[in-house]
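Subject: Handing over a structure

Hi,

Here is the structure I promised to pass on. Have a look at it first, and then read my notes below.

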Amino acid sequence: MYELEEKGYLYLLFVIPILALLFLYVQYWKQKKQREFGDLELIKKLSPEKSIFKPILKIGVVLLGMTFLIIALVNPKMGTKMEKVKRQGIDIVFAIDVSKSMLAEDVAPNRLEKSKQIVSQLINQLGSDRIGIIAYSGSAFPVLPMTSDYGVAKMFLQTMNPGMISSQGTSIDQAIDLAANNFFDKKDKTNKLLVIISDGEDHSDNAENAAEDAQKLGLKIVTVGVGTEKGGPIPLKRNGIVESYQKDNENQVVITKRNAAVLSAIAKSTKGGYVDGNSTKAVLDYVKKVLDNTQKTEFEGTMMADFKSQFQWFLGFSFFLLFLDVFLTERKTKWVRKMNLFNES
C-alpha cells in the first residue's frame, strides 16, 4: 500500500521527455552543421578522443537524477501491514446537500464550498471517531463509507459537486434513510450522530417522519443551515465566469432562501439541535459540545501501520546521479578505447 503526498509535482515529469527531445534535436543540429562545414569522417579523425556514447550517458544520468528528484518532491509513503487497533469514539455521518441551490453565493464563496469548509474543520477536531459522507439532492448517494481515515475523507469531500447526482431537488428524507439503514449497524451499540448541512430547501414532506424513524434506531441529528433568509440567485458559470442565473418556467430569476424552520424541526424530532452554519465557529463549538456530552464506545478499527515517507531514498539517488554527472566527460574511456568496440582504431 502506498500514497503520494504531493501529487501536483508529478506534472514536472513532463519536463523529462521534453529535455530528451531537446537533446536529440541539438545532436541532430550539430551533425547538420558539421556536414555543412566539412567531412564527418575527417572531423572524427581530428577529434579521436570524443566519444559518441558519453553524451548520451551524461544526459541519461541527468534526466534519471531529475526524475528521482521529482519523485522525492512527491513524497511517496508506504505502509507495510494492516493492523486492528482499539479506539473509543462515536459514529458520525455528514450528509451534505449538493443541489443546485447550494451554488448560491449569499455566503462566501458559495453555500456548497462553505459546507465543505465546515465539514473539513469538524473533521480536524475529531479524535478517534468513525466518519462517513453522504451527498444528496433529489436522491442520496454514499460518497464514503464509515472510516477512521480522515485524510481520505477530506479527499472525497473536495470532489463533491451538484453534477454527481443526476436527479435534482432536495430530499432530506433520502439522506436520513440512507444514513440510518446503510451506514449505521443496528446491532452496533456505538452512539450515532448524523450532521446534515443544507440550506433547508426540502422538496419533500417526509423529512420529519424519516427523522422520527431514525430516532427509534438511536440516531441523533444535528442540522446546520447555510445561506441567508434574504437568499440569492443561482449563478450558471462556464470556466468560472457567470453567464446567467437559474430561471423558473416563467423565465424569472430563481431566488433561493435558507429555510431554518425545516432544519430545526428535523433536528428536534431526534432531540438534536439546529445551528447557524454561516458562522463556522458556532458550528464547531456546538458540535464539540454535542460530542463531549455523548458517551464514547470502544470499537476496533483497521489502519495502515508503519505508513512512512520514502522521499529520502529518491533524494539520495538523485544527488548521487547528479554528483556522478560532474565526473563524466565526453571523452572516450581509455580501456573502452583499447577494446575498440566500434572498430574506430
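A word on names before anything else: helices (H or I, at least four residues) and strands (E, at least two) are DSSP runs, numbered from the N terminus. This is a predicted model, where local features need pLDDT of at least 70 and side-chain atom pairs count only at pLDDT 80 or more, while totals for chains, interfaces and linings use all residues. Residues are numbered from 1 along each chain as its sequence is written, and side-chain values use heavy atoms, with hydrogens and water left out.

Let's start with a loop. Another loop, between β11 (241-245) and β12 (255-256), holds Asn-251. Asn-251 is not a glycine, yet its phi is positive, near 65 degrees. For background, most residues other than glycine have a negative phi, and most peptide bonds are trans.

Next, α3 and α10. Lys-58 and Asp-325 form a salt bridge, with their closest N and O atoms 3.1 Å apart (a side-chain nitrogen of Lys or Arg within 4 Å of a carboxyl oxygen of Asp or Glu). Lys-58 is in helix α3 and Asp-325 in helix α10, so this pair ties together parts 267 residues apart in sequence. By that rule, the count is 11 salt bridges.

Finally, a pair of helices. α4 (residues 111-124) packs with α5 (residues 150-158) at an angle of about 180 degrees, their axes 10 Å apart (axes are lines fitted to C-alpha atoms, for helices over the stretch in contact, and angles run from 0 to 180 degrees between N-to-C directions). The two are therefore roughly antiparallel (angles over 145 degrees).

Cheers

How values were computed. Parallel < 35°, antiparallel > 145°, perpendicular 65-115°, else oblique.
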